[in-house]
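I opened the model and kept notes as I went. The entries run in the order in which I looked things up.

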Amino acid sequence: MSDRVIRVGVIGAGFVGSALVELLTDTSRHVALVDAATAPIEVVAIAVRDTLKRRDGINSALITDDAAALAARPDLDILVELAGGVEPARSYIETALGNGVSVVTANKALMAQCGTALAQLAHEHGVDLFYEAAVGGGIPILRALRTSLAGERIERVLGIVNGTTNFILSKMTSEGSDYHEVLAEAQALGYAEADPSADVKAFDAAAKVLILSSLAFGTELTGDEIFREGITGIRAVDVEFARRAGYVIKLLGVAERVGEHGLSRRVHPAMIPVDHPLASVHGAMNAVFVEGTKSGPLMWLGQGAGGQPTATAVLGDVLDAARNRVSGRHDVPFSVDGTLDMVEAGELASAFYISIDVLDEPGVLASVASVFGAHRVSIQSMEQSGVGDEARLSFLTHSALAKDVRATIDELSALDAVDLIGACIRVLDRGAS
Ligand SMILES: NC(=O)c1ccc[n+]([C@@H]2O[C@H](COP(=O)([O-])OP(=O)(O)OC[C@H]3O[C@@H](n4cnc5c(N)ncnc54)[C@H](OP(=O)(O)O)[C@@H]3O)[C@@H](O)[C@H]2O)c1
């Protein structure tokens with residue numbers, strides 16, 4: 001054990017920051033923490049916006065409202081950034097790294113936008129940049145990809161990485177309720193923000209897919225836009241159709257090889273066979289399913305959010321960074337694989353579920369079917385149910401290119417007999433289980 005003390009500054013004492021400070025200052029865990037860090041850890045200051053806010057369990061003498069000054073302190077060993085958002089978090093992290101201070105963050109938005117540049121800066125200054133909690137909250141998936149699976153050729157990563165949308169879809173499945181009803185309930189329970197866009201429009205999940213992809217496939221973190229579809233268009237009837245057909249609907253983040261040199265990164269709702277391990281991930285839980293060439297399928301399941309679970313992942317990073325400070329080393333960033341070509345989502349084939357409300361008149365079904373045929377989208381099964389003067393047609397297609405399905409839907413929506421194009425959801429290949 002080293003004589004030196006590892007000095008930690010924390011920016012942010014919200015859900016995660018306050019839980020982290022509690023863990024770091026828990027006297028009953030002192031020996032375990034010193035063993036893991038190979039040195040005692042001292043929290044020297046905690047920066048927040050509002051110094052007057054009551055913060056139970058936090059020594060008020062440590063609180064400051066000057067985060068910029070804390071980030072610039074040269075006597076820190078580790079800066080923990082738990083404020084969130086891109087700026088000023090990015091500037092604080094750059095300052096600390098530039099001063100030779102290791103950084104731990106849980107900031108997925110920031111890492112997805114400029115993670116490669118920050119990792120490079122850390123490397124240039126011989127320090128660590130760790131961000132385990134940025135994906136899957138308390139699930140230690142990034143470390144698993146970075147270390148345990150470092151030598152494995154990963155074929156595919158599938159993730160349920162947004163707890164809010166999984167909570168909503170799980171409730172819709174178990175109670176048959178509609179999207180808007182469950183969203184309101186999620187907001188009342190604090191599972192969804194007043195403005196839920198980041199979750200329900202899948203921005204949050206997309207950032208996590210980019211981070212997973214960087215570690216699984218060596219792609220850069222430079223703020224790429226990836227194909228993104230949220231869950232706002234999913235109705236109770238879609239969930240019910242999926243159930244009868246032996247599927248559940250989940251918002252799925254995907255990073256997978258396509259052929260020898262292609263990679264697809266995307267997030268969209270998917271119908272998952274009920275016997276796939278991801279189908280049983282309920283409520284606000286997260287899970288990441290990884291297929292390696294030699295390892296076969298692997299899955300991690302756990303609390304994707306919440307102050308305490310997330311803080312345990314942050315603490316693991318702090319202890320790792322502390323050990324490295326004591327031994328005078330740092331982790332080298334993952335290397336970039338420049339040989340992979342990004343494959344557009346439209347070029348990928350899968351079966352689709354498509355729901356259409358049409359006028360209940362003779363000849364309508366034939367004209368709808370002919371549009372499918374004209375775009376080479378072959379129908380595997382069709383269900384028709386009456387809805388007032390209208391009929392709802394629910395199709396399952398055979399495997400078809402997504403761009404052909406898109407063209408089918410565009411043409412269908414222009415037909416007079418078509419009142420509404422409902423959901424259009426990819427069906428996960430049963431071979432993925
Ligand atoms: N919550 C989760 O379950 C979860 C899960 C995974 C990852 N994360 C990530 O963890 C980070 C923190 O999340 P959180 O839920 O703990 O957020 P939060 O509850 O909103 O807390 C944010 C904290 O940062 C402080 N803060 C914000 N901007 C600041 C600034 N410019 N200078 C100084 N302090 C500032 C706030 O101060 P005041 O208290 O004075 O307002 C607050 O203490 C985010 O990057 C988030 O994406 C969170």
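**Conventions.** I am working with a predicted model, where local features need pLDDT of at least 70, side-chain atom pairs count only at pLDDT 80 or more, and totals for chains, interfaces and linings use all residues. Residues are numbered from 1 along each chain as its sequence is written.

**Domains.** I looked up the division of the protein and found domain 1 (6-138 + 307-327), domain 2 (147-301) and domain 3 (345-432). The bounds come from an automatic or database domain assignment. I then took the C-alpha centres of domain 1 and domain 3, which lie 50 Å apart.

What is the strand order in the open sheet? I read 3-2-1-4-5-6 for its 6 strands, with parallel pairing. At the edges I noted strand 3 (63-64) and strand 6 (129-130), each of which pairs on one side only. For my own reference, helices (H or I, at least four residues) and strands (E, at least two) are DSSP runs, numbered from the N terminus. Two strands pair if DSSP finds at least two bridges between them. Inside this sheet I checked strand 1 (residues 6-11) against strand 2 (residues 41-47): they run parallel and are joined by 6 bridges. Arg-7 has Glu-42 in strand 2 as its bridge partner.

**Ligand shell.** Which residues are closest to the ligand? I listed Gly-12, Gly-14, Gly-84, Ala-106 and Ala-305, out of 25 residues that surround the ligand. A residue is near a molecule or strand if its C-beta atom, placed from the backbone, lies within 6 Å of it. I sorted the shell by class and got 13 nonpolar, 8 polar and 4 charged residues. In this scheme Ala, Val, Leu, Ile, Met, Phe, Trp, Tyr, Cys and Pro count as nonpolar, Asp, Glu, Lys and Arg as charged, and the others, Gly among them, as polar. Helix 1 (residues 15-24) supplies the largest share of the shell, 3 residues.

**Strand 14 and its partners.** I followed strand 14 (residues 349-359) next. With strand 18 it pairs in the antiparallel sense over 7 bridges. Val-358 stands opposite Val-418 in strand 18, and Ala-351 stands opposite Val-427 in strand 18. Strand 14 is also joined to strand 16 (residues 390-397) by 7 bridges, again antiparallel. There, Leu-359 is paired with Glu-390 of strand 16. A further antiparallel pairing, of 2 bridges, links strand 14 to strand 17 (residues 400-401), where Ala-349 has Leu-401 as its bridge partner.

**Strand 18, continued.** I also traced strand 18 (residues 418-427) to strand 10 (residues 262-273), where 2 bridges join the two in parallel. Met-271 has Val-427 in strand 18 as its bridge partner.

**Hairpin.** I checked strand 11 (residues 285-292) and strand 12 (residues 296-303), which pair in the antiparallel sense over 8 bridges. One of the bridge pairs is Met-285 with Gln-303 of strand 12. How many residues does the hairpin from strand 11 to strand 12 pass through? I noted 3 residues.

**Helix 13 and helix 14.** I looked up the packing of helix 13 (residues 364-374) on helix 14 (residues 402-413) and found an angle of about 150 degrees, with the axes 9 Å apart. Axes are lines fitted to C-alpha atoms, for helices over the stretch in contact, and angles run from 0 to 180 degrees between N-to-C directions. On the helix 13 side I found Val-368, Val-371 and Phe-372, which meet Thr-408, Glu-411 and Leu-412 in helix 14. By class this contact has 4 nonpolar, 1 polar and 1 charged residues. Two residues are in contact if their C-beta atoms, placed from the backbone, lie within 7 Å.

**Backbone details.** I found a cis peptide bond between Glu-87 and Pro-88, with omega about 5 degrees. Pro-88 lies in the loop between strand 4 (78-81) and helix 4 (89-98). Thr-38 has a positive phi, near 60 degrees, in a residue other than glycine. I placed Thr-38 in the loop between helix 2 (30-37) and strand 2.
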